[in-house]
Amino acid sequence: MAKQVQLNTDELKQFVSHVVNNNKYLQENGKIPVAVNIEGEAGIGKTTTILQFTKDNNMDYVKLSLSQLEELGDLVGFPIKEFQVVKTTDDGQKVTKWIPENIMPMYIQQKYVPTGEKRMTHAQPEWIQGKGENGLLILDDYTRADARFMQATMEIIDRQEYVSWKLPKGWTVLLTSNPDNGDYQVTSLDNAQKTRFITAYLKFDIDCWARWAEENEIDTRCINFMLLHPELVKDKTNARSITTFFNSISSFEKFEDSLPMIQMIGEGSVGGEFATMFTMFINNKLDKLITPKDVLTNASWEYVKGQLNSCIGMAGNYRADIASLMTTRLINYAVHYSNGNTVDQKMIDRITNLITEDVFSNDLKYYIVKGILNGNKQKFSKLMLNPEVVKMTVK
């Protein structure tokens, strides 16, 4: 059956943001919040994206890896015996409470009297103790959990409570899971479970990955390779294994001097096809492309322009794929740089050179200026002082 909702990481954050805000609205109107299941292939970034969302929105969260829990009490709290006690206040009002067995003596000293009624209940689990309002409960690897844990979570997912305790106000329950398609050792969900939450499917998106890679300082040569070959993300070659491969070879100063080792590491992490394509990328010297940092900060525009013309080509030798790659890298690097640094006039002038001189095609120039301004309009506002740049933005 086709997946009904497929989101990239940016869209997933927007979706979760809506659900979180809508859940607050529901609670304010006396209704039960809605839970969400994020389904996707292994290593695609489900949990990482959600944790980044909590960081971006300054939200509290609890992440429980259900497949790693051994005691059910670690999830739902351990069973305790409670006794009912009653006390008559000075104004004649009766106060009735249920008190755990271990603190009964303290209440008796306060003149509470046991009624003889007792019950078994569950203590609030340690992971939720002390948590305030507005947060995310992330039940990670939900369908990989033991059936007992999945069964125990049904009430938490459905009503945000379990026997004798509740999640704090403003919390949203979020699950992560792998597809039930035969490729993963997961427990199939029946309708009673599926109808307790909304399911959204996370897909790989090269533009989102490239932006993430820039922010996390993945080797610049490796980012170039992925932008040229996004089709290699498939089957067992997922974003996590690719990142592992790239991090394992990033210390090589010259890739061409370590091809056998790179091939071996690649075959052991991302597979033979990916490793062979990466080796061809090196043999074609595409790992030597000028970096976006150099493009935007090198003192000599003539040097930068020469490097760009050399790799992109001109007229009959024009490489549209390289031009597109460089465009994406320049936007991502400029925006990432601006988030933590002052954008000086030299960088403004360099971006103006890129937009106004004959290096990129007009559509890519437009893409560069719009992408940079959309990424951080405040830091790059001086770009709009140049009439040629302004003219480019309205094309």
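Select methionine 154 and show its surroundings: leaving aside residues up to four places away in sequence, methionine 154 touches Ala192, Gln193 and Arg196. Keep in mind as you look around that this is a predicted model.

Now colour helix α5, residues 147-159, and you will find methionine 154 within this helix. Is methionine 154 buried or exposed? Its relative accessibility is 12%, so methionine 154 counts as buried, the cut-off being under 20%. Next, draw a distance between the C-alpha atoms of methionine 154 and glutamine 193: they are separated by 7.1 Å, although the two residues are 39 apart along the chain.

Select β2, residues 35-39. All 5 of its 5 residues are buried, so β2 is largely enclosed by the rest of the structure. Show the side chains next. In a regular strand, side chains alternate between the two faces of the sheet. Here, Ala35, Asn37 and Glu39 point one way from β2, while Val36 and Ile38 point the other way.

Then look at the two strands that pair with β2. Strand β11 (residues 197-202) pairs with β2 in the parallel sense over 5 bridges, and valine 36 stands opposite isoleucine 198 in β11. Strand β10 (residues 171-177) also pairs with β2 in the parallel sense, over 4 bridges. In β10, leucine 174 stands opposite valine 36, and threonine 176 is the bridge partner of isoleucine 38.

**Stop three: antiparallel strands**

Select β4, residues 79-88, together with β6, residues 113-122; these strands pair in the antiparallel sense over 7 bridges. To find a point where they face each other, select proline 79, which stands opposite histidine 122 in β6.

Threonine 88 stands opposite lysine 94 in β5. Follow the chain from β4 to β5 and you trace a hairpin with 5 residues between the strands. Glycine 92 sits in the turn, with a positive phi of about 90°.

**Stop four: two loop residues**

Positive phi values also turn up in residues other than glycine. Select asparagine 134, where phi is near 65°. Asparagine 134 is found in the loop between β6 and β7 (135-140), and at 32% relative accessibility it counts as partly exposed.

Jump to glutamate 217, in the loop between α7 and α8 (220-228). Glutamate 217 has a positive phi of about 55° although it is not a glycine. With 68% relative accessibility, glutamate 217 counts as exposed.

**Stop five: the nonpolar cores**

In soluble globular proteins, nonpolar side chains tend to be buried together. The largest nonpolar core in this model has 61 residues. Which members touch the most other members? Select Trp209, Phe246, Phe274, Phe278, Leu308, Phe360 and Phe380 to see them. Helix α14 gives the largest share of this core, 9 residues.

Centre the view on phenylalanine 278. Not counting residues up to four places away in sequence, phenylalanine 278 touches Cys222, Phe225, Phe245, Phe246, Ile249, Phe255 and Ile262. A second, separate core has 25 residues, including Val76, Tyr142, Trp171 and Leu189.

**Last stop: the largest pocket**

Finish with a surface view of the largest pocket, which holds about 1100 Å³ of space. Its lining has 36 residues, and those nearest its centre are Thr9, Thr49, Cys208, Trp209 and Trp212. Colour α1 (9-28), α2 (46-56), α7 (206-215), α9 (239-249), α14 (320-340) and α16 (362-375) to see the elements that give two or more residues to this lining. The largest share, 6 residues, comes from α7. Colouring the lining by class would show 10 nonpolar, 15 polar and 11 charged residues. Take another look at Trp209 before you leave: it is among the residues nearest the centre of the pocket, and it is also one of the members with the most contacts to others in the largest nonpolar core.

Methods
Residues numbered from 1 in each chain as written. Predicted model: local features only at pLDDT ≥ 70, side-chain atom pairs only at ≥ 80, totals over all residues. Heavy atoms only, no water. 1 Å grid on protein atoms, 1.4 Å probe; cavity = no way out; pocket = protein on both sides within 12 Å on 5 of 7 lines; lining within 4 Å. Points joined across faces, edges and corners; volume = space filled by probe spheres on them. Nonpolar A, V, L, I, M, F, W, Y, C, P; charged D, E, K, R; others polar. Buried < 20%, exposed > 50% of the residue type's maximum accessible area, 1.4 Å probe, protein only. Pairing = 2+ DSSP bridges. Core = buried A, V, L, I, M, F, W, Y, C linked by side-chain atoms within 4.5 Å. Contact = heavy atoms within 4.5 Å.
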